[in-house]
Amino acid sequence: MKIRLDKYLADMGKGTRSEVKKAISKGLVRVNNVIVKKPETKLDTDSDHVLFDGVLVGYAQHEYYMLNKPAGVISATEDKREKTVIDLIIEKKRKDLFPVGRLDRDTEGLLLISNDGELAHRLLSPSKHVDKVYYAKIAGKVTEEDKKVFAEGVDIGEDKLTLPAKLHILKSGEESEITLTIREGKFHQVKRMFHAVGKEVVYLKRLRMGSLVLDENLKTGEYRALTDEERRTLTGENE
């Protein structure tokens with residue numbers, strides 16, 4: 001891919017366009033070991049090598065990270081007062097990463113971090129009906145009747161019932177444990193569904209989104225880049 005030198009460096013988080021232009025004009029940038037002072041110089045991102053102040057800067061058009069989101073962190077790109085999920089991605093190259101979808105502040109588990117807008121649309125569009133699987137602890141006894149209600153659609157105070165959801169009871173008692181598969185992403189949806197049947201979610205963790213499954217080796221707050229196979233399956237390159 002051909003791209004301007006100043007955009008290349010700005011995309012990779014080396015400063016704003018004006019800041020990197022100044023650095024280029026000062027002779028701090030080398031392309032293929034030759035000092036280049038023109039910000040408009042076109043590069044081939046696949047073959048040219050760029051050094052910024054002596055450090056090699058590789059180019060990534062898209063980045064994909066799996067995060068095991070901890071509670072207490074917000075699903076946003078930036079916030080002046082709160083820690084965001086983007087703040088947790090220390091080794092990122094790009095400055096335009098965002099969380100694909102959102103998890104509530106107190107919800108843990110799988111969150112995809114990327115800058116691939118097309119993929120985000122495919123995963124989040126209501127018309128795509130992408131499965132999302134959650135594990136939850138519920139205050140109250142979850143019953144077979146609840147399973148039927150969830151399978152038929154739940155009235156959570158909107159114009160339409162939720163789409164049919166698959167509720168699997170792992171443990172039923174004063175505090176029940178369940179997994180729930182939904183195909184929407186309405187605001188506080190899982191909590192609102194259980195509230196509609198007189199119960200409260202006390203712990204919630206997302207385990208899967210589409211083909212992407214939370215890596216059980218990732219501790220809460222940890223992340224890793226997607227594997228090539230995960231990325232290809234998720235983006236449809238295997239189709």
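Okay, let's start with Asn 32, which is partly exposed, at a relative accessible area of 40%. On that scale, buried means under 20% relative accessible area, exposed means over 50%, and partly exposed is in between, using a 1.4 Å probe and protein chains only. Before I go on, the ground rules: this is a predicted model, where local features need pLDDT of at least 70, side-chain atom pairs count only at pLDDT 80 or more, and totals for chains, interfaces and linings use all residues. Residues are numbered from 1 along each chain as its sequence is written, and side-chain values use heavy atoms, with hydrogens and water left out.

Back to Asn 32. You'll find Asn 32 in the loop between strand 2 (29-31) and strand 3 (34-35). When I say helix or strand, I mean DSSP runs numbered from the N terminus: H or I with at least four residues for helices, E with at least two for strands. The phi of Asn 32 is near 55 degrees, a positive value in a residue other than glycine. Asn 33 lies in that loop between strand 2 and strand 3 too, and has a positive phi of about 70 degrees although it is not a glycine. Is Asn 33 buried or exposed? Asn 33 is exposed, with a relative accessible area of 57%.

Those two strands belong to an open sheet of four strands, in the order 3-2-5-6, with antiparallel pairing. Strand 3 and strand 6 (55-56) are at the edges with a single partner strand each, so one side of each has no neighbour in the sheet. Pairing here means that DSSP finds at least two bridges between two strands. Strand 5 (residues 50-52) and strand 6 run antiparallel and are joined by two bridges, and Phe 52 stands opposite Val 55 in strand 6.

Now a quick stop at Gly 15. This one sits in the loop between helix 1 (5-11) and helix 2 (17-25). Gly 15 is buried, with a relative accessible area of 18%. What does Gly 15 touch, leaving aside its neighbours within four places in sequence? It's in contact with Ala 10, Val 20 and Lys 95, where contact means heavy atoms within 4.5 Å. Look at Lys 95 in particular: Gly 15 and Lys 95 are 80 residues apart in sequence, and 9.4 Å apart in space, C-alpha to C-alpha.

Next, strand 12 (residues 175-182). Six of its eight residues are buried, so strand 12 is largely enclosed by the rest of the structure. Strand 12 pairs with strand 10 in the antiparallel sense over eight bridges, with Ala 136 opposite Ile 178 in strand 12. Strand 11 (residues 166-171) also pairs with strand 12 in the antiparallel sense, over five bridges. There, Lys 166 stands opposite Thr 181 in strand 12. Strand 11 and strand 12 form a hairpin, with three residues between them.

On to the pockets. Rolling a probe the size of a water molecule over the atoms shows where empty space is left. A pocket here is an open set of points, on a 1 Å grid over the protein atoms alone, where a 1.4 Å probe fits, with protein on both sides within 12 Å along at least five of seven lines; lining residues have an atom within 4 Å of a point.

The largest pocket has a volume of about 430 Å³. It's lined by 26 residues, with Arg 102, Tyr 134, Glu 184, Gly 185 and Lys 186 nearest its centre. Strand 10 (132-139), helix 5 (189-196) and strand 13 (200-209) are the elements that give two or more residues to that lining. Helix 5 gives the most, three residues.

The second largest pocket has a volume of about 150 Å³. Volume, by the way, is the space filled by probe spheres set on the grid points, which are joined across faces, edges and corners. Ten residues line this second pocket, and Arg 122, Leu 123, Val 130, Thr 233 and Leu 234 lie nearest its centre. Which element gives the largest share of that lining? Helix 6, with three residues.

So let's end on helix 6. In helix 6, Glu 230, Leu 234 and Thr 235 are buried. Seen down the helix axis, the buried residues fall within an arc of 110 degrees, so they line one face of the helix; that arc is taken from the directions from the axis to the C-beta atoms.
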